[in-house]
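Could you walk me through this protein structure in plain terms?

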Amino acid sequence: GIAGPGPCQETPICPWTAGWDVTADGAHIIYHNPGPTTSPSDTGSPRDTPLYYANPDGSNAVKLSSDLLATGLTGPVLSPNGQYVMVSGSFDAQNPTASPQIRIAQVNGGAVQRVNGQWNAWRADSQAMVTVNYSASGNGTESLYTLATAASQPLEVNSSFYLWGN
């Protein structure tokens, strides 16, 4: 991934690293490129930079959809089978503290799916994920989001500690 120094309130420099991920088989990586034009800090984050899907040495890099750009650097997470990438964050440039959203894209192209909430975990078969939405009181509600149907099904209350272990 990309890394560099950024200003902090307590010290003049705090290190940061833009998120990246590797497929389970080690055959591909997903990373930000180029780095942001402004340094992130503990009070602000630069607009997301483009995401690329490539071989581990960076060859055959493919730029992913601009719909995956959030208002701050994201940590992309590849599905277990390496066919999908998920990013989560605020996508409202006018209101960067707006409710978070998840965006899911196939690494070989196609439409980007949008889901309200935050990502929690991929299912082992890469066909679904657990998402969570927080209420104003701070309570979270988990749901199972299925990619094929683009539908969310609420899970039992307090189920977050009993989800997939892989």
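S79 counts as buried in this predicted model, because its relative accessibility is 2% (buried means under 20% relative accessible area, exposed over 50% and partly exposed in between, with a 1.4 Å probe and protein chains only). S79 is found in the loop between β7 and β8 (84-89); strands (E, at least two residues) and helices (H or I, at least four residues) are DSSP runs, numbered from the N terminus.

The model is a prediction, in which local features need pLDDT of at least 70, side-chain atom pairs count only at pLDDT 80 or more, and totals for chains, interfaces and linings use all residues. Residues are numbered from 1 along each chain as its sequence is written, and side-chain values use heavy atoms, with hydrogens and water left out.

**Around S79**

- Leaving aside neighbours within four places in sequence, S79 is in contact with Y84, W122 and S126 (contact means heavy atoms within 4.5 Å).
- The side chain of S79 reaches the backbone nitrogen of Q83 at 3.3 Å. This is a polar contact, meaning a pair of N or O atoms within 3.5 Å; within protein, one must be able to donate a hydrogen and the other to accept it, and residues adjacent in sequence count only if both atoms are side-chain atoms.
- S79 and V22 are 57 residues apart in sequence, yet their C-alpha atoms are 9.8 Å apart in space.

**The whole protein**

- The secondary structure comes to 0 helices and 14 strands.
- Of the 166 residues in the protein, 39% are buried.
- The protein exposes about 9,200 Å², and carbon and sulfur atoms supply 50% of it (areas come from the Shrake-Rupley method with a 1.4 Å probe; for residues, only the protein chains shown count as cover).
- Take the contacts between residues at least 6 apart in sequence: 38% of them join residues at least 24 apart.

**Strands side by side**

- Strands of a sheet pair through backbone hydrogen bonds, either parallel or antiparallel.
- An open sheet of 4 strands has the order β7-β8-β9-β10, with antiparallel pairing (two strands pair if DSSP finds at least two bridges between them).
- β7 (77-78) and β10 (113-116) stand at the edges with a single partner strand each, so one side of each is left without a neighbour in the sheet.
- Strand β9 (residues 101-106) pairs with β10 over 4 bridges in the antiparallel sense, and I104 stands opposite Q113 in β10.
- β4 and β5 also pair in the antiparallel sense, over 4 bridges, with I29 opposite A54 in β5.
- β5 is joined by 2 bridges to strand β6 (residues 62-63), and the two run antiparallel; here Y53 stands opposite V62 in β6.
- From β5, L51 and Y53 point one way while Y52 and A54 point the other way, and all are buried.

**Aromatic pairs**

- How many aromatic pairs does a search of the whole structure find? There are 2 (rings of Phe, Tyr and Trp, the last by its six-membered ring, pair if their centres lie within 6.5 Å; planes under 30 degrees apart count as stacked, over 60 as edge-to-face and the rest as tilted).
- Y31 and Y52 form a stacked pair, at 6.1 Å centre to centre and 25° between the planes.
- Y31 lies in strand β4 (residues 29-32) and Y52 in strand β5 (residues 51-54), so the pair ties together parts that are 21 residues apart in sequence.
- Both Y31 and Y52 are buried.

**V85 and the cores**

- V85 lies in strand β8 and counts as buried, because its relative accessibility is 0%.
- Not counting residues up to four places away in sequence, V85 touches I30, L64, L68, P76, V77, L78, R103, I104, A105 and V107.
- The largest nonpolar core has 13 residues, and those with the most contacts inside it are I30, L51, L64, L68, L78 and V85 (such a core is a set of buried Ala, Val, Leu, Ile, Met, Phe, Trp, Tyr and Cys residues joined through side-chain atoms within 4.5 Å).
- β5 and β8 each supply at least two residues of this core.
- A second, separate core of 10 residues includes V77, I104, M129 and L147.

**Positive phi**

- Most residues other than glycine have a negative phi.
- S126 has a positive phi near 65°, and its place is the loop between β11 (118-122) and β12 (128-134).
- A150, not a glycine either, has a positive phi of about 55° and sits in the loop between β13 (140-146) and β14 (151-154).
- S126 is buried, with a relative accessible area of 0%, whereas A150 is partly exposed at 48%.
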